[in-house]
Amino acid sequence: MMRDKREQKSGKKGKRVSGRSKRAMMPVAMAVLAALLTVCGVLFGGGTLSVEAAGRPVSISSCTIAGADVVCQLSAGSVPSSDDGKYYVYANEVYQDGPVGKVAAVVDAGTSVTASFPLGYNTADSNLSRKFLIAVKRGGQMVQVSDEHYITNPEAIASHTSARRPAGIKGILPDLTKASKEELQDLGVSQVVYNMYVDDICVDATVPGAIPFEYNGQTWYFNNGMVTKFDSMIRSFNAYGMQVTMVLLNGGRSQYTQHLVHPMAQGGDCPGYALNVADAAGTEHLKAIGAFLGQRYSGQAGCGQVDNWIIGNEVNARTSWWYTSSTSLDFNVNVYVKAFRIMYNEMKSQNANVRIYNSIDQEWNRKSNPGSFLAKEYLDQFNYYINREGNIDWGLSYHPYNSPLYDPYAWNGPAVWVQNSISTPYITMQNIDILINYMHQPQFLSPGGDVRSISLAEIGYTSSFGDDKQEASVAYGYLKAASLPDVDAFMLFRQTDDAHEMESHLALGLYDLNGNKKPAYHIYKSLGTANEAAAKARASEIIGMDIDQMISQNIMWTRSGNGVVQ
């Protein structure tokens with residue numbers, strides 16, 4: 001958290017800041033009018049008058065791809081009244097609410113009904129990333145009688161599927177200058193995580209050499225220079241035997257991608273912005289980006305293989321990484337879920353085996369910044385929408401940093417912040433079991449009934465208060481993660497110190513600014529290898545207790561105070 005993800009270019013560390021512009025709250029009169037309209041059941045959408053049902057008696061139990069069609073299974077305890085005894089299946093874009101999109105099918109109403117219609121894949125009328133709802137005609141007006149539902153098996157049409165690259169959990173955010181000198185390979189990591197900005201890769205037809213991509217009846221363009229650099233980097237990581245995770249971000253800094261910044265994020269001053277799912281311009285471009293990246297980095301196009309995509313970074317940190325001017329949790333999660341659905345369906349429709357992750361920080365029940373949302377409440381709301389609109393196999397990217405960030409003791413955090421209960425203010429590696437157990441709840445399971453993939457895609461420990469503390473923290477964090485079968489990645493942030501971060505006592509690298517390897521480098525290199533016993537002995541000596549015992553018995557030390565290191 002709190003990092004400017006453009007560190008790969010600038011080496012700068014961002015701070016959590018509020019947007020410069022805040023939209024004024026709706027005047028009281030307008031709010032009252034909106035409430036009255038809702039109570040009366042009258043809603044306006046897309047210029048079409050519709051009536052919102054008092055209840056939604058019809059359930060869409062599934063929407064799946066079968067061959068070239070979409071098949072929706074509908075059920076109802078009792079058939080809702082209508083003028084003509086028909087169900088109208090609407091195919092809406094994500095920004096359309098109510099029966100205002102295209103009517104994809106009309107079927108006889110009943111308590112158990114199957115409706116099917118063309119998928120229209122890669123056409124101007126593609127239904128791949130649309131949402132579907134059922135309406136009936138009543139009094140000459142369309143009334144919505146079901147919740148929305150998305151296609152949940154986009155992998156059914158994947159034509160660029162590759163087997164996932166095998167990987168242990170040990171990973172890192174790489175320093176590319178060291179990778180080229182084989183120092184990354186020497187470290188023995190199995191995974192790397194890197195950042196990709198939509199504003200870096202997207203251009204238009206006026207840019208010389210731009211890569212054209214025909215999709216959904218339009219031609220889209222990508223920056224040849226940037227994309228080929230990513231090709232080379234990803235192929236190199238694959239050649240080193242490493243699995244690649246890419247974080248997709250929206251920096252809002254390019255003239256070609258202003259329409260990808262959500263209207264409610266315009267005018268902000270943040271390193272990351274919510275993706276635009278509020279209109280056709282943003283939505284259609286997002287579909288093309290997802291398809292392009294899913295295809296190009298499937299491992300089948302000669303450009304390298306990305307096995308994991310993380311959509312956004314710490315998206316509960318509204319005023320930093322998924323900025324909108326709205327302070328509504330529901331609004332922000334709803335925007336994120338729509339963008340996530342698009343990227344999930346588009347990427348999985350290319351490579352069935354790619355994994356798509358959301359991203360939250362460690363502020364489980366406490367906000368260090370009032371502009372953020374609690375990680376727990378954001379996760380709960382995200383999962384609510386996914387279950388309501390069609391469960392898919394999403395993964396969780398979690399960042400279990402110490403609290404405070406510069407605290408050097410991964411094994412002995414401040415009791416005020418790190419607690420062994422669901423109400424803990426923060427979840428760090430000490431109490432990561434709380435998160436794991438939480439994800440075992442039935443409502444969080446995947447469509448197949450499995451615990452979701454959990455990637456600890458960003459975590460780091462400072463050496464500002466002693467190399468020995470960083471050594472032991474790295475060992476403790478990795479070994480704790482390795483002891484948990486549901487954890488698929490442990491990614492250290494970062495390989496080399498950053499001068500700007502060090503101003504905040506965050507010397508998180510395994511190398512110092514002069515390029516010297518810190519003791520933490522050597523202990524991390526040994527972990528997960530035949531030399532692990534020596535690494536454990538060193539960590540146990542620093543901690544003052546056998547590290548295997550501490551982890552296997554889940555012994556949790558805490559100390560008094562607020563975490564300020566004396």
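The structure is a predicted model, in which local features need pLDDT of at least 70, side-chain atom pairs count only at pLDDT 80 or more, and totals for chains, interfaces and linings use all residues. Residues are numbered from 1 along each chain as its sequence is written, and side-chain values use heavy atoms, with hydrogens and water left out.

The chain contains 15 helices and 23 strands, taken as DSSP runs numbered from the N terminus (H or I, at least four residues, for helices; E, at least two, for strands). Of its 566 residues, 59% count as buried, where buried means under 20% relative accessible area, exposed over 50% and partly exposed in between (1.4 Å probe, protein chains only). Among contacts (heavy atoms within 4.5 Å) with a separation of 6 or more, 70% join residues 24 or more positions apart.

No disulfides are present, a disulfide being a pair of cysteine sulfur atoms within 2.5 Å. C202 counts as buried because its relative accessibility is 1%, and C303 likewise counts as buried, at 9%.

Helix α11 is mostly covered, with 13 of its 16 residues buried. It is also one of the elements against which the buried residues of α13 pack, together with β11 (170-172), α4 (183-187), β22 (487-492) and α14 (532-543). In α13 (residues 519-526), these buried residues are A520, Y521, I523, Y524 and S526. Just after α13, G528 adopts a positive phi of about 80°.

A further glycine, G209, is located in the loop between β13 (202-203) and β14 (211-215). G209 is exposed because its relative accessible area is 53%.

Two cavities of 30 Å³ or more occur in the structure. On a 1 Å grid over the protein atoms alone, a cavity is a set of points where a 1.4 Å probe fits but cannot get out, and lining residues have an atom within 4 Å of a point. Grid points are joined across faces, edges and corners, and the volume is the space filled by probe spheres set on the points. The second largest cavity has a volume of about 30 Å³ and is lined by L248, L249, N250, G272, Y273, G312, N313, W321 and W322.

Definitions and conventions:
On a 1 Å grid over the protein atoms alone, a cavity is a set of points where a 1.4 Å probe fits but cannot get out, and a pocket is an open set with protein on both sides within 12 Å along at least five of seven lines; lining residues have an atom within 4 Å of a point.
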